[in-house]
Amino acid sequence: MDEQRDIIDVNPPAEPAPQAETSGASSIPEEELGRITGDVIKSLKTVYDPEIPVDIYELGLIYKVDLNDDRLLTIDMTLTAPGCPVAGEMPGWVEGAVRGVEGVDDVTVNMVFEPPWTPERMSDEAKLELGWL
């Protein structure tokens, strides 16, 4: 039997939309999934790139967040540059930030570099903070 997963949309459209997109029936109630989604995003926004005064969520460094029925949260993230001095540390910071979210039993953080990060991935909030708007 295929395992069902819930995909948390970390780059939602500007218009109101559900907080999470599901890829089939899930054993996690929709209301709880919505709360977990909000808590995960709030936690991700506590992690900052030490060279840029903007959190990693607004920078667009989080590519994918997946919560499966076993409550394993898998995060695919990248860096602003592959040679970032904290490349070895940042996945641990992200894991630590979301590990305390109620309803998440385990966390895996994967560092990915495809597609490469570009400034277009930043939110308007990040661009404003950096003086780009």
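A salt bridge here is a side-chain nitrogen of Lys or Arg within 4 Å of a carboxyl oxygen of Asp or Glu. By that rule, a search of the whole structure turns up 8 salt bridges. The model is a predicted one. Side chains of opposite charge can pair when their charged atoms come close.

Start with helix α1, residues 30-44. α1 is 15 residues long. From first C-alpha to last it reaches 21 Å, close to the 21 Å expected at 1.5 Å a residue. Which residues of α1 are buried? They are L33, I36, T37, V40, I41, S43 and L44. These residues lie on the same side of α1, because they cover an arc of only 160 degrees around the axis. The face turned away from that buried side carries E31 and K42, both exposed.

α1 also takes part in charge pairing. The side chain of E32 meets that of R71 in a salt bridge, at 2.9 Å from N to O. This pair links distant parts of the chain. E32 sits in helix α1, while R71 sits in the loop between β3 (62-68) and β4 (72-77). The two are 39 residues apart. How accessible is each partner? E32 has 22% relative accessibility, so it counts as partly exposed. R71 has 19%, so it counts as buried. The cut-off between these classes is 20% relative accessible area. The pair also belongs to a network of salt bridges that links E32, R35, D39 and R71.

Now move to helix α3, residues 90-99. Here R99 forms a salt bridge with E95, and their closest N and O atoms are 2.5 Å apart. R99 and E95 are 4 residues apart in α3, so about one helical turn separates them. R99 also meets D106 in a salt bridge, at 3.3 Å from N to O. R99 is partly exposed, at 36% relative accessibility. E95 is partly exposed as well, at 27%. D106 is partly exposed too, with a relative accessible area of 38%.

D49 is another acidic residue to look at. It lies in the loop between α1 and α2 (56-59). Where is the nearest side chain of opposite charge to D49? It belongs to R121, 13 Å away. A salt bridge needs the atoms within 4 Å, so R121 does not pair with D49. D49 is buried, yet has no salt bridge. Its side chain does reach the backbone nitrogen of E51, at 2.9 Å. Leaving aside neighbours within four places in sequence, D49 is in contact with V54, I56, L59, T80 and M90.

L59 is found in helix α2. L59 counts as buried because its relative accessibility is 0%. Not counting residues up to four places away in sequence, L59 touches D49, I52, V54, W117, R121, M122 and A126. L59 and R121 are 62 residues apart in sequence, but 6.7 Å apart in space, C-alpha to C-alpha.

How values were computed
Residues numbered from 1 in each chain as written. Predicted model: local features only at pLDDT ≥ 70, side-chain atom pairs only at ≥ 80, totals over all residues. Heavy atoms only, no water. Buried < 20%, exposed > 50% of the residue type's maximum accessible area, 1.4 Å probe, protein only. Lys, Arg positive; Asp, Glu negative; His and termini not counted. Polar contact = N/O pair within 3.5 Å; in protein donor to acceptor, adjacent residues only side chain to side chain. Contact = heavy atoms within 4.5 Å. Expected span 1.5 Å × (residues − 1). Arc of directions from axis to C-beta.
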